[in-house]
Amino acid sequence: MSRTVSVITLMLLAGAGLGLTYMVQRASAPQIASEQTLLDSRKLLDVLAADAYDNQPLEQPLALTDATLSHSKLLAGYRASKAGQPVAVLLRTQTEGYAGVIELLIAIDANGRLLGIKTLRHNETPALGGLIGDWPNHWLATFAGQSRHAPDDAGWALKKDQGQFDQLAGATITSRATVNAIHDALRYFDEHRTTLLGIGS
């Protein structure tokens with residue numbers, strides 16, 4: 001009899017423990033999810049300085065029109081702001097590289113200058129075009145400060161195509177596709193600046 005009581009007691013204690021664990025996990029789940037969202041957001045938004053904005057850009061995606069561009073396609077857009085003023089637009093864009101799709105996040109300041117570029121997804125050849133996925137990325141960093149008109153349209157090409165930009169070694173197609181996608185994004189920003197920045201809205 002005492003053995004049966006012991007087994008029942010153990011079962012009750014185990015059940016209570018499981019119930020308590022479930023309740024604790026359930027109560028903390030929203031906080032864990034919130035912290036994970038912030039972590040994911042920070043990882044995605046590390047093309048911007050952390051103190052450059054005070055909103056949550058990814059929570060308020062922009063409505064994009066005419067998203068199919070000359071060499072790429074826009075997937076999403078976000079506005080970063082500080083104290084209610086727009087400071088940057090982030091354009092998530094997709095282009096075709098050597099081995100498949102290259103997805104980039106391109107940050108452009110309110111004056112139309114590049115702040116940063118990050119590769120979000122690619123299938124390029126390791127040690128060649130695959131270097132586009134490195135973060136931080138020295139090659140992508142060389143585009144910072146450029147704009148749609150600086151250089152001019154002819155300059156927005158690889159040096160081997162009579163343009164201004166070096167390429168990733170051994171990765172002409174990857175480099176060309178990336179340069180074209182960045183230029184597309186800058187043109188799009190320039191042509192839709194008022195809407196993207198929310199000016200007058």
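The dialogue below goes from the overall layout to one strand, its partners and the nonpolar core.

Guide: This is a predicted model, in which local features need pLDDT of at least 70 and side-chain atom pairs count only at pLDDT 80 or more, while totals for chains, interfaces and linings use all residues. Residues are numbered from 1 along each chain as its sequence is written, and side-chain values use heavy atoms, with hydrogens and water left out.

Visitor: How many helices and strands does the protein have, and in what pattern do they follow along the sequence?

Guide: Helices (H or I, at least four residues) and strands (E, at least two) are DSSP runs, numbered from the N terminus. Here there are four helices and four strands, and reading along the sequence gives the pattern α-β-β-β-β-α-α-α.

Visitor: Which way do the residues of β3 point, and are they buried or exposed?

Guide: In a regular strand the side chains alternate between the two faces of the sheet. Buried means under 20% relative accessible area, exposed over 50% and partly exposed in between, with a 1.4 Å probe and protein chains only. In β3, V101, E103, L105, A107 and D109 point one way, whereas I102, L104, I106 and I108 point the other way, and all are buried. Across the protein, 40% of the 201 residues count as buried.

Visitor: In what sense does β3 pair with β2 and with β4?

Guide: Two strands pair if DSSP finds at least two bridges between them. β2 and β3 pair in the antiparallel sense over nine bridges, with T95 and I102 as bridge partners, and their hairpin has four residues between the strands, where G100 in the turn has a positive phi of about 145°. β3 and β4 also pair in the antiparallel sense, over six bridges, and E103 stands opposite R121 in β4. The hairpin of β3 and β4 has four residues between the strands as well, and G112 takes a positive phi near 90° there.

Visitor: Which residues have the most contacts inside the largest nonpolar core?

Guide: A nonpolar core is a set of buried Ala, Val, Leu, Ile, Met, Phe, Trp, Tyr and Cys residues joined through side-chain atoms within 4.5 Å. The largest one has 30 residues, and those with the most contacts inside it are I106, L114, I117, F143, W156 and I182. The largest share of this core, seven residues, comes from α3. Counting contact as heavy atoms within 4.5 Å, I182 touches I106, L114, I117, F143 and W156, leaving aside residues up to four places away in sequence. Apart from this core lies another, of twelve residues, among them L45, V47, Y53 and A107.
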